[in-house]
Amino acid sequence: MEGLLELSASDFFCSAPASTSPKGTRAAISLERLSLDEKSLSGEPRPPPIRTLESTKSTDCGELMSLSQASTKGIQTPVSDSHPMMADAWENLRRSLVYFRGKPVGTIAASDSNEEALNYNQVFVRDFVPSALAFLMNEEPEIVKNFLLKTLYLQGWEKRIDCFTLGEGVMPASFKVLHDPVRNAETLIADFGESAIGRVAPVDSGFWWIILLRAYTKSTGDYALAEMPEIQRGMRLILSLCLSEGFDTFPTLLCADGCSMIDRRMAIYGYPIEIQALFFFALSCARKLLKPEGAGKEFIERIDKRMHALSYHMRSYFWLDFQQLNNIYRYKTEEYSHTAVNKFNVIPDSIPDWVFDFMPMRGGYFIGNVSPARMDFRWFCLGNCVAILSSLATPEQASAIMDLLEERWQDLIGEMPLKISYPALEGHDWRIVTGCDPKNTRWSYHNGGSWPVLLWLLTGACIKSGRPQIARRAIELVEQRLSKDGWPEYYDGKMGRYVGKQARKLQTWSISGYLVAKMMLEDPSHLGMISLEEDRKIMKPRLTRSVSWTC
């Protein structure tokens, strides 16, 4: 039977026709879960198994996003004395809540009633992370627990695109709640990439799920959730996808374009910094959450080996500062054997002119991509911030990234934080790389647009690096406009001065990103949820002589 979930032999699924949506990888795969009984995960007695499979198409059901119009009686919303935006942010965040069978399970992407909903009325895994952190910091963990369990259920679905079945461990990009008014029943519909633009599976969803599970455990002390057999199995399924052996000669993870937050064609195919940093972060979190027995022991050993190789590779080959740029500029090409300095055969003439002016004497960053004969020198904010939070970046590299932000404030921060990427692709490069994408025009959306949601990642990275004043300055810029502009998704322009031409208002992660940044700055102890220190036992394992080593 299609879609059988191994958590319980009595839990059944069926499929329904797919719906389409233009928001990157965010679309609804038409798989309908008919009975999501969380009691199978909580250890409570289960009712008799449901044996009847419904075959009603999703288009026959009235769509219901069960938002937070239910009473929030008894919930204390913190109001910061530092800025009135906090109260407005909390009010809008609560309005974005999605309920399934009476329980909150996430927040929708945007609540803009002036625009067609499309798939912005769904709960996205990556989008929900800052919302989840805000609720954890406000001591409201139940919604996060519900979200983790519901997405774990969805992981168990069979995921098919045409005649090809995706890996068992793939997590959904998003899900939404449907209400059948005839039967008075609610069901979930998830997207695994089947209806997405380009049909790309969300590589980052599984990583964010593991990272959020660790944040929940760290915040609540509820280790029982992570130790559940179903949760342990869910982590192992995700890890199996990215730790499998193949033809790769690098420890980095090979990805398609559009597989992460940048979910449209932007030439991030290959080994994008965002995925590599999240990969490292998820491995670190999984190592702390996996039980060191049975299958868990084997995975911990594989994680240790991969983390050591990945950290060396990223710190050595993705890192760029003034000295390294000068070294690459002087590279010789066509080198052969293990003594080669230019190991990826990068042609120095391929270095773009803007890098020489952009790179200050003091500062550095992890570049966007490294693969044979190719280096993407663009700056990507999310990957660099996650590298700091996960300790993929050394303390010296973290400090250099902070130096770069200060030295290139107008370029990377501007009037509205923060640039998702820099610089923008223009002219011929834009036409070739994006395929003339009308949404990713220069200094817009993923092509050099400014995204307020990145504020929480910047703040965490700044606090961990001992430079909170950088985050405070960025937050002050956000507080001048973000709420007045209606909490838009992104801003356009080289300085981030204009509300994005297709930006949705009341974008939930713009709201929650501000809340998390503000709460972390006011109480830095919250950083512990999303920050890891380097495990030197993993990074510096016992060295053994290679079989190819000679005196």
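Reader: Is Glu534 buried, partly exposed or exposed?

Author: Before the answer, please note that this is a predicted model, in which local features need pLDDT of at least 70, side-chain atom pairs count only at pLDDT 80 or more, and totals for chains, interfaces and linings use all residues. Residues are numbered from 1 along each chain as its sequence is written, and side-chain values use heavy atoms, with hydrogens and water left out. Buried means under 20% relative accessible area, exposed means over 50%, and partly exposed lies in between, with a 1.4 Å probe and protein chains only. Glu534 has a relative accessible area of 25%, so this residue is partly exposed.

Reader: With which residue does Arg315 form a salt bridge?

Author: Side chains of opposite charge can pair when their charged atoms come close. A salt bridge is counted when a side-chain nitrogen of Lys or Arg is within 4 Å of a carboxyl oxygen of Asp or Glu. Arg315 forms one with Glu534, and their closest N and O atoms are 3.2 Å apart. Because Arg315 lies in helix H9 and Glu534 in the loop between helix H18 and helix H19, the pair ties together parts that are 219 residues apart in sequence. Helices here are DSSP runs of H or I with at least four residues, strands are runs of E with at least two, and both are numbered from the N terminus. Arg315 is buried, with a relative accessible area of 18%.

Reader: How many salt bridges does the structure hold?

Author: The structure holds 18 salt bridges. One of them joins Lys518 and Glu479 at 2.6 Å, N to O, and this pair links helix H18 with helix H17, 39 residues apart. Both Lys518 and Glu479 are buried.

Reader: What volume does the largest pocket have?

Author: A 1 Å grid is laid over the protein atoms alone, and a pocket is an open set of points where a 1.4 Å probe fits, with protein on both sides within 12 Å along at least five of seven lines; lining residues have an atom within 4 Å of a point. Grid points are joined across faces, edges and corners, and the volume is the space filled by probe spheres set on the points. For the largest pocket that volume is about 690 Å³. Of its 26 lining residues, Val170, Val203, Leu241, Leu253 and Leu254 are the closest to the centre, while helix H5 and helix H7 are the elements that give two or more residues to the lining.
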